[in-house]
Amino acid sequence: MSTRIAFLKGHGTENDFVIVPDPENALDLPPAAVAALCDRRAGIGGDGLLHVVRSAAHPEAQGMAAEAEWFMDYRNGDGSVAEMCGNGVRVFARYLQRAGHVTEGDLTVATRGGVKAVHLAKNGDVTVGMGPARLPEGDVSVSVGERSWPARNVNMGNPHAVAFVDDLDQAGSLFEAPPFSPAAAYPDGVNVEFVVDRGPRHVAMRVHERGSGETRSCGTGACAVAVAAARRDGIDPSVTGAPATYTVDLPGGTLVITERPDGEIDMTGPAVIVAEGEIDAEWLESVRR
């Protein structure tokens with residue numbers, strides 16, 4: 001292992017990430033190492049880790065290499081593997097731009113949730129084509145303490161349970177995952193969003209991200225919330241033929257979500273790189289086990 005391992009730190013609406021460039025997939029990053037890097041006291045600190053790999057060099061992404069040169073090997077803060085992270089894709093694209101791999105304009109990024117189309121705008125915003133939402137059948141509920149709410153089951157490449165509440169404080173601490181029912185609805189766990197209305201097509205949310213706890217922002221969660229809010233409001237772009245745009249306020253900032261008549265969902269928001277440095281290779285080796 002090289003004694004000089006580069007890293008960067010970035011965030012999208014304060015959903016923050018450790019970024020590890022590794023174009024040829026040469027680094028061994030087991031869950032314990034990822035969790036240590038994401039530890040806010042003993043490591044660098046982040047809600048998750050963006051492992052930057054060329055698609056052709058990663059066995060999970062080789063089939064997407066013809067469509068996207070770069071693969072976002074995303075890990076949750078506890079080291080577990082995740083299908084997708086919307087804020088992560090924006091920060092991933094910003095890193096590629098900073099490193100000189102891409103310029104302003106359009107690009108594609110491979111993820112476990114498929115190939116995502118990205119646009120880097122001149123004003124600094126990044127738009128990600130998040131793909132369509134799936135709305136699995138069946139009733140779902142989530143609870144906090146003695147209270148429970150019906151939730152909308154929305155899949156954005158990863159699972160979400162969206163509950164509309166009267167006050168965001170009703171979500172509690174969100175340190176632990178809110179219980180959900182039925183258990184069969186989410187065999188691998190779920191991201192849970194609690195949502196209140198702020199105005200016409202304007203909502204605010206808090207989220208417990210599976211594997212990370214409460215985070216300041218969740219891109220796929222904001223998309224799931226916008227779709228759930230639209231359906232609650234009787235809006236389905238595939239029926240009306242007109243796009244539906246919702247503003248979603250999160251603790252870390254604001255995202256703008258547009259669902260198009262073809263079902264595709266665009267998410268627009270900021271992405272910032274704040275620091276870069278080197279990981280101590282001996283320390284990383286010591287926490288790998």
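Visitor: Let's begin with Asp-22. Where is it found?
Guide: Asp-22 is found in the loop between strand E2 (15–21) and helix H1 (31–38). Helices (H or I, at least four residues) and strands (E, at least two) are DSSP runs, numbered from the N terminus.

Visitor: Okay, and before I get lost, what kind of model is this, and how are residues numbered?
Guide: It's a predicted model, where local features need pLDDT of at least 70, side-chain atom pairs count only at pLDDT 80 or more, and totals for chains, interfaces and linings use all residues. Residues are numbered from 1 along each chain as its sequence is written, and side-chain values use heavy atoms, with hydrogens and water left out.

Visitor: Back to Asp-22: is it buried or exposed, and which side chain of opposite charge is nearest?
Guide: Asp-22 is buried yet has no salt bridge, and the nearest side chain of opposite charge is Arg-75, 7.9 Å away. Buried means under 20% relative accessible area, exposed means over 50%, and partly exposed is in between (1.4 Å probe, protein chains only). A salt bridge is a side-chain nitrogen of Lys or Arg within 4 Å of a carboxyl oxygen of Asp or Glu. As for charge, Lys and Arg count as positive and Asp and Glu as negative, while His and the chain ends are not counted.

Visitor: Which residues is Asp-22 in contact with?
Guide: Leaving aside neighbours within four places in sequence, Asp-22 is in contact with Leu-27, His-51, Val-52 and Val-53. Contact means heavy atoms within 4.5 Å.

Visitor: How many salt bridges are there in the whole structure?
Guide: A search of the whole structure finds 21 salt bridges. One of them is between the side chains of Arg-4 and Glu-278, at 2.7 Å from N to O. That pair links distant parts of the chain: Arg-4 is in strand E1 (residues 4–12) and Glu-278 is in strand E18 (residues 272–280), 274 residues apart.

Visitor: Which residues are linked in a network of salt bridges?
Guide: Lys-9, Asp-16, Arg-40 and Asp-47 are linked that way. Within that group, the closest N and O atoms of Arg-40 and Asp-47 are 3.0 Å apart. Arg-40 counts as partly exposed at 48% relative accessibility, whereas Asp-47 is buried at 9%.

Visitor: Changing topic: where does Ser-217 lie?
Guide: Ser-217 lies in the loop between strand E14 (213–214) and helix H3 (219–232). Ser-217 counts as buried because its relative accessibility is 0%. Not counting residues up to four places away in sequence, Ser-217 touches several residues, including Gly-12, Thr-13 and Leu-250.

Visitor: Where is Arg-201, and what is its phi?
Guide: Arg-201 is in the loop between E12 and strand E13 (202–209), and Arg-201 has a positive phi of about 50° although it is not a glycine. At 37% relative accessibility, Arg-201 counts as partly exposed.

Visitor: And which residues does a cis peptide bond join?
Guide: Ser-181 and Pro-182, with omega at about -5°. Pro-182 has its place in the loop between strand E11 (180–181) and E12.

Visitor: Let's zoom out. How many helices and strands are in the protein chain?
Guide: There are five helices and 18 strands. Buried residues make up 52% of the 289 residues in the protein chain.

Visitor: What box do the C-alpha atoms fill?
Guide: Taken along the principal axes, the box is roughly 55 × 40 × 30 Å.
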